[in-house]
Amino acid sequence: MRLFYIARKNLLAKPLQTALSTILLAFGVGMVSLMILSEKKIKDQFERNIKDIDLVLGAKGSPLQLILANVYHIDAPTGNIDLAAAMEVTKHPYVESGIPLAYGDNYMGYRIVGTDHSYPQHYSAEISEGEMWSEIYEVTVGAVAAEKMGLSIGDTFYSAHGLKDGTDVHDNVEFKIVGILKSTSSVIDQLLLTNIESVWGVHGDHTDEGSEITAVLLKKRNPMAVLTLPNLLKDTNMQVALPAIEINRLNNQFGIGTKAISAIALLIMALSFASIFISVFENMQTRKYELALMRTMGGTPATLFKLIILEGGLLSIGGVLFGLFISRVGLFTLATLVADQFKYDISEMSLLPAEIALICSVIFVGLLASTIPAIKTLRMDISETLSNE
Amino acid sequence: MISTRDLTFSYSGSELLSFPDVSCGSGDQLLILGDSGSGKTTLIHLICGLLKARSGNIKIGGVDVSVLGDREMDKFRGANIGVVFQQAHFVQSLSVSENLTLPSLMTKDNISSEELYSRISELLERLGLSHKADSSPKELSVGEQQRASIARALIHKPQIVFADEPTSALDDKSTEAVISLLEEETKLAGACLVIVTHDQRLKSRYEKRVELKKLAG
């Protein structure tokens with residue numbers, strides 16, 4: 001029989017107290033770990049979608065809206081811009097390339113985006129079945145959209161005006177699905193891609209001249225583009241916005257929320273350390289005689305010290321393991337709830353460096369919380385303890 | 001086995017206690033009789049090394065324990081002394097037989113676990129507690145607890161067994177049973193038995209007695 005065994009038995013002998021300490025700690029650890037995980041997940045997702053898009057060219061309005069609408073497809077666009085004027089900008093020497101986007105319709109809530117093949121190429125989207133669109137009204141569907149709507153090659157549909165509901169259906173033109181993309185874990189998965197002419201066609205503007213598009217995703221050739229382009233566009237109805245900066249701003253706004261959650265999580269953890277301290281301390285007080293007894297049986301103060309520290313350590317480790325379990329289940333649940341936005345990747349179950357730091361510090365503080373009661377055992381007067389019973 | 005000479009002790013701030021010399025040989029039995037407050041427990045704690053004597057010396061098995069350091073004393077006590085307390089106390093979260101392994105765990109002796117467990121079952125068998133080996137100490141009657149604590153005091157074959165008021169909580173019949181057990185088991189183990197009590201029922205039983213006088217005031 002080992003000290004470890006005694007420590008475990010002692011904890012199990014007080015199931016309620018042990019459970020309380022463990023659950024408190026588990027919830028604190030679980031919340032912090034869940035935040036670390038989801039923050040990384042969201043950041044990854046944002047970054048994966050930005051992928052080499054340095055600037056977005058679109059109609060004047062909120063730059064953040066421009067980014068959310070055209071990079072992430074989660075907001076309404078700021079308006080339309082003139083195709084010719086936009087193409088002029090992509091020919092600027094500081095600009096390497098541009099991907100045009102034109103949209104305004106949806107099918108069952110999934111956006112129909114008119115673009116060219118450079119858009120799926122940009123996200124390294126490969127064909128899973130069928131082919132890329134080539135003719136007008138041909139559509140290649142993102143993996144998630146195809147799966148959620150149960151679309152397959154050869155299916156046809158009418159688009160609906162707007163980006164959300166299907167009340168105002170354009171029944172003049174029928175779209176036909178010619179291909180389905182493999183999953184890319186990027187925004188492309190959620191889109192129905194076609195050429196720009198199809199988008200114009202639905203709305204009856206058949207002429208190329210004076211045609212409008214929604215935005216252009218730009219890749220810069222020269223860093224000066226960031227400074228030069230805004231000046232250049234001053235007197236037009238267009239603007240450029242930087243995804244990296246706008247998302248940073250958004251993160252900072254979100255940050256207030258995540259800070260509040262962190263503060264609550266830390267508070268719960270502090271409470272749980274107090275509870276570990278009280279639990280180990282109480283155990284020690286009520287078992288004073290037992291501890292004195294072990295001393296008369298030849299146990300050194302160091303042995304008893306180890307025993308008490310082990311109890312605190314076991315509580316901490318139990319809480320941490322349980323907490324990590326909670327955060328995984330939490331993330332899994334969250335991922336299932338928002339499966340449309342986030343394709344869940346099982347490989348992210350592994351421990352993140354920030355979590356390893358969390359685990360180490362929690363166990364360290366847990367041990368620290370049991371050190372005070374443990375030091376008391378070192379100072380215990382055995383003779384007096386035995387005589388007072 | 002044990003011999004003390006000119007032992008004195010004082011709790012901080014109170015007057016000096018001095019104790020009569022005590023000696024007890026291998027296999028002997030010694031009764032230390034005294035009323036409460038006469039310093040019986042103090043004397044035991046001095047000999048066990050739980051308290052440090054102000055002056056005088058204590059020899060156990062030829063070793064002068066009054067010069068041992070704390071750690072050496074803990075080790076020495078664990079290896080050579082078994083104590084039966086007035087009220088039997090156990091580590092409540094462990095079973096009776098697990099409690100009996102504690103002295104071995106605490107002193108880190110090299111006894112193999114097979115040997116230890118066969119000794120435990122042999123002792124429990126002799127003390128009529130075999131059926132309680134896996135019970136929690138809480139489930140034992142007072143008499144059974146006292147027998148289990150005798151088993152624990154003897155498990156590591158100590159040279160000396162102290163019994164501190166082993167009978168004060170027991171009726172005549174149980175007292176007789178417990179004392180007989182203590183005598184038999186210590187004799188079997190070749191240990192010296194020191195019973196410390198105020199229980200006058202035991203007075204006539206032992207020839208070798210030391211009486212402690214109640215202190216003035």
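What share of the 217 residues of chain B count as buried? The figure is 45%, where buried means 20 or more other C-beta atoms within 10 Å of a residue's own, exposed means 12 or fewer, and partly exposed lies in between, with C-beta atoms placed from the backbone. This is a predicted model, in which local features need pLDDT of at least 70 and side-chain atom pairs count only at pLDDT 80 or more, while totals for chains, interfaces and linings use all residues. Residues are numbered from 1 along each chain as its sequence is written, and chains are lettered from A and ligands numbered from 1 in the order in which they are written.

**The two chains**

Chain B has six helices and 10 strands; helices (H or I, at least four residues) and strands (E, at least two) are DSSP runs, numbered from the N terminus. Its radius of gyration is 17 Å, close to the 17 Å that the globule rule gives for 217 residues, so chain B is as compact as a globular protein of that length. The radius is taken over C-alpha atoms, and the rule is 2.2 Å times the number of residues to the power 0.38.

Chain A comes to 13 helices and 12 strands. With a radius of gyration of 31 Å, well over the 21 Å from the globule rule for 389 residues, chain A is more spread out than a compact globule. Chain A is divided into domain 1 (3-47 + 257-387) and domain 2 (55-241), with bounds from an automatic or database domain assignment. The centres of these two domains of chain A, taken over C-alpha atoms, are separated by 50 Å.

The table sets out further values for each chain. Contact means that the C-beta atoms of two residues, placed from the backbone, lie within 7 Å.

| Property | Value |
|---|---|
| Span of the C-alpha trace of chain B along its principal axes | about 50 × 40 × 30 Å |
| Box of the C-alpha atoms of chain A along the principal axes | roughly 105 × 45 × 30 Å |
| Buried share of the 389 residues of chain A | 40% |
| Contacts in chain B between residues at least 6 apart in sequence that join residues at least 24 apart | 72% |
| Contacts in chain A between residues at least 6 apart in sequence that join residues at least 24 apart | 81% |

**Where the chains meet**

The contact between the chains takes 20 residues from chain A and 25 residues from chain B. On the side of chain A that touches chain B, α1 (3-12), α10 (288-296) and α13 (382-387) of chain A each supply at least two residues. The largest share of that side, six residues, comes from α10(A). By type, the residues on this side of chain A are eight nonpolar, eight polar and four charged. Here Ala, Val, Leu, Ile, Met, Phe, Trp, Tyr, Cys and Pro count as nonpolar, Asp, Glu, Lys and Arg as charged, and the others, Gly among them, as polar.

**Helix α6 of chain B**

Helix α6 of chain B covers residues 172-189; at 1.5 Å a residue its 18 residues should span 26 Å, and its end C-alpha atoms are 26 Å apart, which agrees. The expected span is 1.5 Å times one less than the number of residues.

Buried in α6(B) are Val178(B), Ile179(B), Leu182(B), Glu185(B), Thr186(B) and Ala189(B). Seen down the helix axis, the buried residues of α6(B) fall within an arc of 140 degrees, so they line one face of the helix; the arc is that of the directions from the axis to the C-beta atoms. An α-helix has 3.6 residues a turn, so residues three or four places apart point the same way. The buried residues of α6(B) pack against α5 (142-154), β8 (160-164) and β9 (192-197) of chain B. On the other side of α6(B), Asp172(B), Lys173(B), Ser180(B) and Leu188(B) are exposed.

Glu176(B) also lies in helix α6 of chain B. With 14 other C-beta atoms within 10 Å, Glu176(B) is partly exposed. Glu176(B) and Arg205(B) are 29 residues apart in sequence, and their C-alpha atoms are 11 Å apart in space. Just after α6(B), Gly190(B) has a positive phi of about 70 degrees.

**Single residues elsewhere**

Most residues other than glycine have a negative phi. Lys157(B), not a glycine, has a positive phi of about 50 degrees. Lys157(B) lies in the loop between α5 and β8 of chain B, and counts as partly exposed with 15 C-beta neighbours inside 10 Å.

In chain A, Asp52(A) has a positive phi near 65 degrees. Asp52(A) is found in the loop between α2 (15-50) and β1 (55-59) of chain A, and is exposed, with 12 other C-beta atoms within 10 Å.
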